[in-house]
Amino acid sequence: MRAFIPHYQLTTPASLADALALLKNEPGVWKPFAGGTDLMVLLEAGKLPHRNYINIWKLDELRGIDVTNTHVILGALTTYTEVQAHPILQSEFSMLCQAASETGGLAIQNRGTLGGNIINASPAADSPPALLAYDAEIELISAAGSRWIPYHGFHTGYKQMQLGADELLARIRLPRNTEGATHYYRKVGTRKAQAISKVCLAATGRISDGQINDTRIALGSVAPIVVRCLQTENALRGRKPDAETIASARDALLREVSPIDDIRSTADYRLQVTKNLLADFVFALQTGN
Ligand SMILES: Cc1cc2nc3c(=O)[nH]c(=O)nc-3n(C[C@H](O)[C@H](O)[C@H](O)COP(=O)(O)OP(=O)(O)OC[C@H]3O[C@@H](n4cnc5c(N)ncnc54)[C@H](O)[C@@H]3O)c2cc1C
């Protein structure tokens, strides 16, 4: 049942400093409201847990995509439409563009933000596997200052993360080291569009001197959080892309994921698809696609 709107408060701060002051003075009372595409679903269902929201949509400090010699830095309010339209993201971070193009429909892509996707912390979210495979870092800010941390390790359990009650996610930073790498992204859902993932795999890597190197693999919808598969990466690193390597990497992968049966799929199906996607990634490495 829809929530009773007068029970809720939405304030629009004039500046980032005002937003951070609110979070500092009443920690845990105020929650950010970005594009609202996750929050409005909860509101409609009468399940929006907090009463007080800060509208951060108009904070320019959290917008924009900056490119330096070494990094691409995206404001937390970057929308999926903005991701897809950016030429450097298209040429160097194609998995993020693909994730954005397969997220919801056009209205969601115009309004949904990368920051909201990260903090909503769904294990089935589509951008986090790409961000993990690109070794992203994130900037968390509060009235006390800013800290950059690796995105890998940020999520600590289902909907749990290393975000203080007084902090906002401000920016996402991607190292520009992807030249010549294979970028492999597959979202498997019930349909090609407008579907929540049953399994999502994002992976990068390259073959040099006949061996797999620089590989990073991340998976969504197979554990309580989106997972970076370090053991699987180790099983591939420095090895030839052959059947024996795939078999040992699959064994490692099975130790890193814990899929469940739910309304979208079964644990068995998810495991089988996960193993198939891993083999397909190694094949893509060989063919350089
Ligand atoms: C029809 C539909 C289809 C969808 N399809 C997909 C899909 O295919 N794939 C997918 O991954 N998701 C999908 N989503 C989910 C949603 O669109 C995304 O998660 C989106 O990126 C959320 O961003 P937002 O700005 O709208 O977040 P909001 O709804 O505004 O916020 C989400 C959460 O993040 C917090 N938050 C937001 N920004 C910040 C910040 N900067 N700092 C700290 N906390 C913050 C909020 O407090 C809230 O807890 C879909 C949603 C709908 C309604």
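**Cores and rings: a short tour**

Hi everyone, let's start with L89: beyond its neighbours within four places in sequence, L89 is in contact with I65, V72, L74, V83, S94, C97 and L174, where contact means heavy atoms within 4.5 Å. This is a predicted model, so local features need pLDDT of at least 70 and side-chain atom pairs pLDDT 80 or more, while totals for chains, interfaces and linings use all residues. Residues are numbered from 1 along each chain as its sequence is written, and side-chain values use heavy atoms, without hydrogens and water.

Now the cores. The largest nonpolar core has 34 residues, and L74, L89, L96, I138, I172 and L174 touch the most other members. By nonpolar core I mean buried Ala, Val, Leu, Ile, Met, Phe, Trp, Tyr and Cys residues joined through side-chain atoms within 4.5 Å; buried is under 20% relative accessible area, exposed over 50%, partly exposed in between, with a 1.4 Å probe and protein chains only. A second, separate core of 27 residues includes V227, C229, L236 and F281.

On to the rings. The whole structure holds four aromatic pairs, meaning Phe, Tyr or Trp rings (six-membered ring for Trp) with centres within 6.5 Å; planes under 30 degrees apart are stacked, over 60 edge-to-face, the rest tilted. F93 and Y134 are edge-to-face, 4.9 Å centre to centre with 85° between the planes, and both are buried. Y184 and F281 have centres 5.9 Å apart and planes at 55°, so that pair is tilted. Y184 is buried at 2% relative accessible area, and F281 is buried at 0%.
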